[in-house]
Amino acid sequence: MDLLNTLVDKGLRRELPTREEALAVLATSDDDLLEVVAAAGKVRRQWFGRRVKLNYLVNLKSGLCPEDCSYCSQRLGSKAEILKYTWLKPDEASKAAAAGVAGGAKRVCLVASGRGPTDRDVDRVSETIEAIKEQNEGVEVCACLGLLSDGQADRLRSAGADAYNHNLNTSEGTYGDITTTHTYADRVETVHQAQAAGLSACSGLIAGMGESDADLVDVVFSLRELDPDSVPVNFLIPFEGTPLAKEWNLTPQRCLRILAMVRFVCPDVEVRLAGGREVHLRSMQPLALHLVNSIFLGDYLTSEGQAGQADLDMIADADFEVEGAGTTTLPEHRAQQGGGCGSHDGGCAPCGDTPEADAAEPQEAPAARTDLVAVRRRGAGTDLAPNA
C-alpha cells in the first residue's frame, strides 16, 4: 500500500505526515489492519526496538473533584460508585509505589483529583516524591495534579519530580463539549509551565468520546506541536453515573488504527497505551505492543486493569522485553535535546494545511461490554494489596 510505504519512510525520518495521510490511516479497512500494524511497527522498532516501558499509577486523592469533565468518574456530580478518599500520607503513597516498582515499573505516576494543587498540596506531593525516591533508587516520578499555578512546576522539579502529565484529551474545537469548568488553553498552558521548569512533558488524549476522525487528527497534531516526551492514549471507559456512560464507540480494530496514527504522527515519542485497553482491545492487546512502547501496569485510578502478571506474560509471549531502569527510554537525539516530538527539519507543520480524506462509511456500533468495566476496590486508599 503506497500510503503505508510513505508513512514508514516519513516515520523513519521523523517527518510529519500530512493531515490527509493521518486521516487515511483511520479510514483503512479491517482487511488492511495487519498491514497498518506492521507498517507502524517498523517505525516503533526503529526508535524503541522491542522494549516496553512499565508505568504504575498511584491515586493520591480519589473523587471529590469540582471539575465537570464528562468522561471522568471523579467529576462533580458523578454517580459512579468509585473509591473516594482524601490525600494519602507520603508513607502510604510510597508503599503503594513500591508495589509497582517491585512488579517492574520504571515510572510511578502520582495523580490527584481536583482543578489544581494548592501550595500546601504541592508541599504534600513534594514530600511524597522525596519518600518514593529515597526508597526506590532510580525510579522516575511523574506528577499529575491538574492545572498549575506560577512556580509550582519549579517546586515539583526541585523535589525530584521527573515529569508532569496533563492531557489535552480532545481537539480544541470540541473541548467545550466535554468540559466547561476550564479551557483547552488552560491545559496547554500547564504543559508549557512543566516544560519551562525542566520537567519531561507527558500529554495525550482520550479516544471514544464520540469524536470524529478529524477531531482525533486535530488533537494528535496539536500534541505533535506541543512537543511532549510521552503521549498516553486512553480509550474511554464509559462509567455508569457519568454523562458518557452510553458512549460505546470503539472496536479493537478502531483502537489499533488510532494507535497506529499516533505512532506515525509522533514516531520517536513514548506512546503509552493507557486506560481502557482491557475494555476495548481485549484479546487484541498484544498487537498494540507493535505500536506503543509503554503501558500502565496493573490498575488505573478508579478502574481495575488486568492482573500485573498477565501484563508481564503478555509482553513476554509477544516477544517484547520490559525496559530496565538503566535504559534511557527516548532515542538519543531526543534525550539530548530535552524531549519533544521532533521533526526531520526541526519544525511542526500547522494543522489544517491539507485537505481531509473522505469520511469512512458509518459502521454499526459495537455491543457494549459493560461487564469489563470493574471499579477499583484494592490498592491505594484501601486495606487490600495492590495489583502489580
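Visitor: Where does Gln74 sit?
Guide: Gln74 lies in the loop between β1 (51–61) and α4 (90–102). Helices (H or I, at least four residues) and strands (E, at least two) are DSSP runs, numbered from the N terminus. This is a predicted model, where local features need pLDDT of at least 70 and side-chain atom pairs count only at pLDDT 80 or more, while totals for chains, interfaces and linings use all residues. Residues are numbered from 1 along each chain as its sequence is written, and side-chain values use heavy atoms, with hydrogens and water left out.

Visitor: Is Gln74 buried or exposed?
Guide: Gln74 is buried, because its relative accessible area is 7%. Buried means under 20% relative accessible area, exposed means over 50%, and partly exposed is in between (1.4 Å probe, protein chains only).

Visitor: And what does Gln74 touch?
Guide: Not counting residues up to four places away in sequence, Gln74 touches Asn59, Lys61, Ser62, Gly63, Leu64, Cys65, Ile82, Ser113, Leu301 and Thr302. Contact here means heavy atoms within 4.5 Å.

Visitor: Cysteines next. How many disulfides does a search of the whole structure find?
Guide: The search finds zero disulfides. A disulfide is a covalent bond between the sulfur atoms of two cysteines; the test here is a pair of cysteine sulfur atoms within 2.5 Å.

Visitor: What about Cys202?
Guide: Cys202 is in no disulfide either, with the sulfur of Cys142 the nearest at 5.1 Å. With a relative accessible area of 0%, Cys202 is buried.

Visitor: Switching to helices: at what angle do α2 and α10 cross?
Guide: The axes of α2 (residues 19–26) and α10 (residues 252–265) cross at roughly 155° and come within 8 Å. That makes α2 roughly antiparallel to α10. Axes are lines fitted to C-alpha atoms, for helices over the stretch in contact, with angles from 0 to 180 degrees between N-to-C directions. Angles under 35 degrees count as roughly parallel, over 145 as roughly antiparallel, 65 to 115 as roughly perpendicular, and the rest as oblique.

Visitor: Which residues make the contact?
Guide: On α2 they are Ala22, Val25 and Leu26, and on α10 they are Arg254, Arg257, Ile258, Ala260, Met261, Phe264 and Val265.

Visitor: Where is Phe48, and what is in contact with it?
Guide: Phe48 belongs to helix α3 (residues 33–48) and, at 1% relative accessibility, counts as buried. Setting aside neighbours within four places in sequence, its contacts include Arg263, Pro267, Asn293 and Leu330. Phe48 and Pro267 are 219 residues apart in sequence, yet 9.8 Å apart in space, C-alpha to C-alpha.

Visitor: One more thing: what is the phi of Asn169?
Guide: Asn169 has a positive phi of about 75° although it is not a glycine. Asn169 is in the loop between β4 (163–165) and α7 (175–178), and at 3% relative accessibility it counts as buried.

Visitor: And Asp227?
Guide: Asp227 has a phi near 75°, a positive value in a residue other than glycine. Asp227 is found in the loop between α9 (213–226) and β7 (230–235), and is partly exposed, with a relative accessible area of 28%.
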